[in-house]
Protein chains: 2
Amino acid sequence: MNTDWLAQPCAALNETTRAAALARQGHLTKPPGSLGQLEALAVQLAAMQGVERPAVEHAAIAIFAGDHGIAVENVSAFPQAVTGEMVKNFARGGAAISVLAKALGARLEVVNLGTVNDPGEWPNVVRAVIAPSTSNFAAGPAMTGAQLAQALQAGRDSVLRAREHGAQIFIGGEMGIANTTSASAIACALLHESPQLLAGPGTGLDSKGVAHKAVVIQRALELHRANLAQPLDVLRCVGGFEIAALAGAYLAAAQNGMPVLVDGFISSVAALVAVRFNPCVRDWMLFAHTSAEPGHQRVLAALDAQPLLQLGMRLGEGSGAATAVPLLRLACALHNNMATFAEAGVSDKL
Amino acid sequence: MNTDWLAQPCAALNETTRAAALARQGHLTKPPGSLGQLEALAVQLAAMQGVERPAVEHAAIAIFAGDHGIAVENVSAFPQAVTGEMVKNFARGGAAISVLAKALGARLEVVNLGTVNDPGEWPNVVRAVIAPSTSNFAAGPAMTGAQLAQALQAGRDSVLRAREHGAQIFIGGEMGIANTTSASAIACALLHESPQLLAGPGTGLDSKGVAHKAVVIQRALELHRANLAQPLDVLRCVGGFEIAALAGAYLAAAQNGMPVLVDGFISSVAALVAVRFNPCVRDWMLFAHTSAEPGHQRVLAALDAQPLLQLGMRLGEGSGAATAVPLLRLACALHNNMATFAEAGVSDKL
């Protein structure tokens, strides 16, 4: 598999349209700064899209699904069969992200990277199966180098499809029973934090379950200690197919000038991997929400991210990011359609 | 003017549909609680609307505009002419709330309660002029009892129009140069807090301006000390026409079983007046956002309110509430349209 694309540079933000958008904000009929984060959001999108008046009517959502060998260590509140079952639920329109995508008029594709019970062929499900699951990273590396390359490429392919379909923003989501264990392990390795600090309840572990999860992660980090210096090695040793695909998607989005709206804990960990691999990737990221998963705040701080929403969501699937899309749209509508003081004949500040 | 309506009882929430909605949330294909505040929101709307599956497709926004005599005390960063100028801007579609209402497909009406420079007749502007402005409350009561009754009634009338038009939620907004001074004075009187704590920059005062504003409020509160025991007397002494109209709207909404989405600092102060007048009014309120105006947090705490958004907005006009409408809609879509575990054939928790 060709991994040369990983070394491509990021696209540059457009500083001219950023400056024009910022100037426009200053002329709109409102006290300066009174629309808060919505003002900065419109200006940032103007820089990303290279236009003074940005738009996010066309949103593309990709859900990456994959199973985790680490699930055998009893680290999740739900059985592993759920990953494959949820792929069907996404395809049939019954999952949270399906409902959100429909409400937003967003393109939704599911990328099946490998599940223990294979859901088979479905419309809008891209088969990119690598293996039925990763290996148990408490016993060895989660994946081979070739598997990692395949997963990264699957993320890139999804972004390129989104671009082909005219997407103005890309949202990645994930589904994979036990993937908060993998994400917590990655975050611990990249941030040099303890699993006791970053492991959380995920889909609903009790405190005993969380403590056990932290011990499993601790053991795995000790096992892989010699191989955790580089972000892609961390991903290979303790990651998941869907987390690697998200990281690949974020890298490809930055290379192709596609803004991304990052979802919750797991997506942010994938974002951290991508940013550690190439820091300029950060320029292309907007952050949707702060998850209830306790490790998220630490990861957001490492990314210097101030998310738009704090609703206590912790579902994954890109659901928090989808929920924030209307804020982006309203920020653009205000920026593009409000009258200036001169146009409206309204007196400016004293 | 007949004020008998003020004594009418609130409508009751529907505890049967609340329980049914809560049960439904427990069956949807997601870990329990993983949609955070969106779950509670759907359940609360179910109780308010008396249906298991609520909807807020039809939103009505009313902007109450009025001028303030206290503006002569130099308490605002913008000239008083702006109130009337902005009424025209609302009507022409150039203001933030106009853009938001259009983007949301919401009904927008402006209620002109009296401005120093009269904007005249405009489509979608209801003329309910009481006087060109309130009186300077640093020198005497802001309004007479009859004026207060007129303003309260104007709010009620607006809610009744919204109901006639089939609104499923009511949003009140306000415009009135110097109205954060009035709102801060009301909040100080009701909460027994100092103006130094609750007065803020409003549309953009510097620290010297804020200090002056606090002194003006302090002086006014001393002047009216003997008349600040009852919430409607507080409103009459240091309130504004638009703040009184908002309070009247919230009272009438609760009486008529209409959910309201409360905007920022000034709207929340009006909400506090209404709740102090009749505590059951609180049952019909949802809170949209936490304003950057520093006094807002104290008012929200007094109302035991946890708003949906924290975006640093401080524009008024109902703009924060309008920005939160998509969250209500998505909460309803998720609640109404997600598959249950049984429907989707997805395994439940271990």
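1. How many of the 15 residues of H10(A) are buried? In this predicted model, 15 of the 15 are, so H10(A) is largely enclosed by the rest of the structure.

2. Helix H10 covers residues 241-255 of chain A. At 1.5 Å a residue its 15 residues should span 21 Å, and the end C-alpha atoms do lie 21 Å apart, so expectation and model agree. After H10(A) comes A:Gly257, which has a positive phi, near 65°.

3. Chain A is superposed on chain B by a rotation of 180° with 0.0 Å of shift along the axis, at an RMSD of 0.0 Å. This is the relation of a two-fold axis. Of the interface residues of chain A, 100% are also interface residues in chain B, so the copies meet through the same surface.

4. Over all chains, a search of the whole structure finds two aromatic pairs. One of them is stacked and joins A:Phe78 and B:Phe341, at 6.3 Å centre to centre with 20° between the planes. This pair crosses between chains: A:Phe78 sits in the loop between strand E1 (59-65) and helix H3 (81-92) of chain A, and B:Phe341 in helix H14 (residues 341-344) of chain B. Both A:Phe78 and B:Phe341 are buried.

5. For A:Phe341 and B:Phe78, the ring centres are 6.3 Å apart and the planes are at 15°, so this pair is stacked. It also crosses between chains, from helix H14 (residues 341-344) of chain A to the loop between strand E1 (59-65) and helix H3 (81-92) of chain B. A:Phe341 is buried, with a relative accessible area of 10%; B:Phe78 is buried at 5%.

Methods:
Residues are numbered from 1 along each chain as its sequence is written. Chains are lettered from A and ligands numbered from 1 in the order in which they are written. This is a predicted model: local features need pLDDT of at least 70, side-chain atom pairs count only at pLDDT 80 or more; totals for chains, interfaces and linings use all residues. Side-chain values use heavy atoms; hydrogens and water are left out. Helices (H or I, at least four residues) and strands (E, at least two) are DSSP runs, numbered from the N terminus. The expected span of a helix is 1.5 Å times one less than its number of residues. Buried means under 20% relative accessible area, exposed over 50%, partly exposed in between (1.4 Å probe, protein chains only). Copies are superposed by least squares on the C-alpha atoms of residues with pLDDT of at least 70 in both. Contact means heavy atoms within 4.5 Å. Rings of Phe, Tyr and Trp (its six-membered ring) pair if their centres lie within 6.5 Å; planes under 30 degrees apart count as stacked, over 60 as edge-to-face and the rest as tilted.
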